[in-house]
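Here is a short briefing for a first look at this structure. Keep the view open while you read.

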Amino acid sequence: MIFRLFSAASLALVLLTDSTHANGKGKGKGKGHDAISDGEAFNAGQGNGNGNGNGNGNGNGAIFNDDAFTAEQGNGNGYGNGNGNGNGFVDDEDIDDYINYKGFGAKNDDEFVGIIVKYKDGIGRNDADKLDKNGKGRDISTRQRTAVITTKKKNFNALRNNPHIERVEYDSVVHAFPSMRGSVADGERERRLQENVPYGINMVNPEGLPQGSHPVKVCVVDTGYDNSHEDLPKLQTTDGFNPYSDGAWDVDGHGHGTHCAGTIGAIGGNGKGVTSVNPDYSKFSFFIGKGLEDDGSGFTSRVLAAVDKCAENGAKIISMSLGGGSYSIEAAEQYERHYENDGVLIIAAAGNDGNGEKSYP
């Protein structure tokens, strides 16, 4: 993989492109469209056009994790106004290199960063623990053989080259997806005196389609669950998990997790609050994973721990209205294992910003 650094101090990768082709003769115009990130433009490859009349080729830059990448040449061939577009895209190898290079916030090698470690055996886990600033990392999942450590950035390559460690990647920050990023939507914490039907419920609950006869366990990975809420099922102490050292899964200091749980399973027909997608709480059950803290943000490592605990406790559907972190190969593979081995359907929000940028997971 070839790296190019630009004056904007952001990492740019030379990426592959897609092109559209049609038969034609003659010459057309070519131009490159810069990718824009944080108000700055980054280099895009020049587009080449060939055609009868006006054949145009465009090279379009790609955006990943708020940084821009260079796009290679776009080539266009066509009759009349035939156009060809070369669009930069990001594959798994590019993202892995990007994540390893970036260091997520560390300005120098002596700064501490969070590193997710997938170890092959006990030796690998012990080697990782030795590099943790407290001498012991935090388990993500023993059955997935993953942990997260806090160590100096300069130790990243030593971990990656350890024959007893399968993979390492930087831990990244994720956040809740309310109506507006970084804020709680109006009404998320309100308790209504009269039950109403939120927008969209009837679209997914058409008349004449009842809940199934087999109860399903649904896990919500978010900021927690207000277990004292009058319009939500009362959960037991074993019905949730908190991977953080403070807070509690059955206390939601933010409100977003309770809001999402209410959309899924608020009690219907009780004249209170709202109804939900599953208004009869006798036909499903909740498990709560506090993947985010009470301020609405958290880490990929803690989300992974919460998801694993959901699957371990029998959840068959996991809902995550969160994101914003970078692509994680470990997360992608863990979610795939849950689907294939545990029969779990994992649903994650695409974001509420109304743009084309990807948000992970």
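**Around Val221**

This is a predicted model. Leaving aside neighbours within four places in sequence, Val221 is in contact with Gly289, Gly291, Val303, Ala306, Val307, Cys310, Ile318, Ser319, Met320, Ser321 and Leu322.

**Nonpolar cores**

- In soluble globular proteins, nonpolar side chains tend to be buried together.
- The largest nonpolar core here has 23 residues. Val221, Val303, Ile318 and Met320 have the most contacts inside it.
- At least two residues of this core come from each of strand S17 (173–176), S18, H6, strand S22 (317–320) and helix H7 (329–342).
- H6 gives the largest share of this core, seven residues.

**Cysteines**

- A search of the whole structure finds one disulfide. It joins Cys219 to Cys310, with an S to S distance of 1.8 Å.
- The pair links distant parts of the chain, 91 residues apart. Cys219 is in strand S18 (residues 216–221), and Cys310 is in helix H6 (residues 300–312).
- A disulfide is a covalent bond between the sulfur atoms of two cysteines.
- Cys219 has a relative accessible area of 0%, so Cys219 is buried. Cys310 is buried as well, with a relative accessible area of 0%.
- Why does Cys260 count as buried? Its relative accessibility is 12%, and buried means under 20%.

Terms used
Residues numbered from 1 in each chain as written. Predicted model: local features only at pLDDT ≥ 70, side-chain atom pairs only at ≥ 80, totals over all residues. Heavy atoms only, no water. Disulfide = S-S within 2.5 Å. Helix = DSSP H or I, 4+ residues; strand = E, 2+ residues; numbered from the N terminus. Buried < 20%, exposed > 50% of the residue type's maximum accessible area, 1.4 Å probe, protein only. Core = buried A, V, L, I, M, F, W, Y, C linked by side-chain atoms within 4.5 Å. Contact = heavy atoms within 4.5 Å.
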